[in-house]
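Hi,

Here is the structure I said I'd pass along.

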Amino acid sequence: MTKATIQAIVDEVGGPEHVVGLRGANGTKFYFSKYALSMDDFVEIEGTEILKLKHTDTMGRDAVSYLIVDEIVQVYTVVDTTKKIYIRDFME
């Protein structure tokens with residue numbers, strides 16, 4: 001995918017709060033907590049589109065990992081953000 005493709009998906013589903021996860025080409029899955037995806041986290045480094053993923057460990061330390069956008073093969077979304085969902089039910 002590209003940043004533009006992901007932006008089009010975000011626009012179609014009604015905003016980034018509807019995006020709950022991503023799957024990479026190697027099968028790795030990343031889950032977002034509510035409202036965690038921001039289009040501002042997409043950056044270009046040396047001509048490569050990258051998504052900066054923010055993490056916090058159990059000790060409260062912040063970290064960032066970098067996902068090459070063209071490795072994203074699936075975007076998981078929800079329709080109603082006010083209802084609880086079991087992400088595992090549709091991401092496996």
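This is a predicted model: local features need pLDDT of at least 70, side-chain atom pairs count only at pLDDT 80 or more; totals for chains, interfaces and linings use all residues.

Below is what turned up, starting with the salt bridges.

Residues are numbered from 1 along each chain as its sequence is written, and side-chain values use heavy atoms, with hydrogens and water left out.

Searching the whole structure gives two salt bridges (a side-chain nitrogen of Lys or Arg within 4 Å of a carboxyl oxygen of Asp or Glu). In one, K54 pairs with D41, and the closest N and O atoms are 3.2 Å apart. K54 sits in strand β4 (residues 48–56) and D41 in the loop between β2 and β3 (42–45), so this pair ties together parts 13 residues apart in sequence. Strands here are DSSP runs (E, at least two residues), numbered from the N terminus. K54 is exposed at 57% relative accessibility, but D41 is buried at 9% (buried is under 20% relative accessible area, exposed over 50%, partly exposed in between, with a 1.4 Å probe and protein chains only).

The other bridge joins D57 and R61, with the closest N and O atoms 2.8 Å apart. D57 is partly exposed at 31%, and R61 is exposed at 53%.

Finally, strand β5 (residues 62–68) contains Y66.

Cheers

Definitions and conventions. Helices (H or I, at least four residues) and strands (E, at least two) are DSSP runs, numbered from the N terminus.
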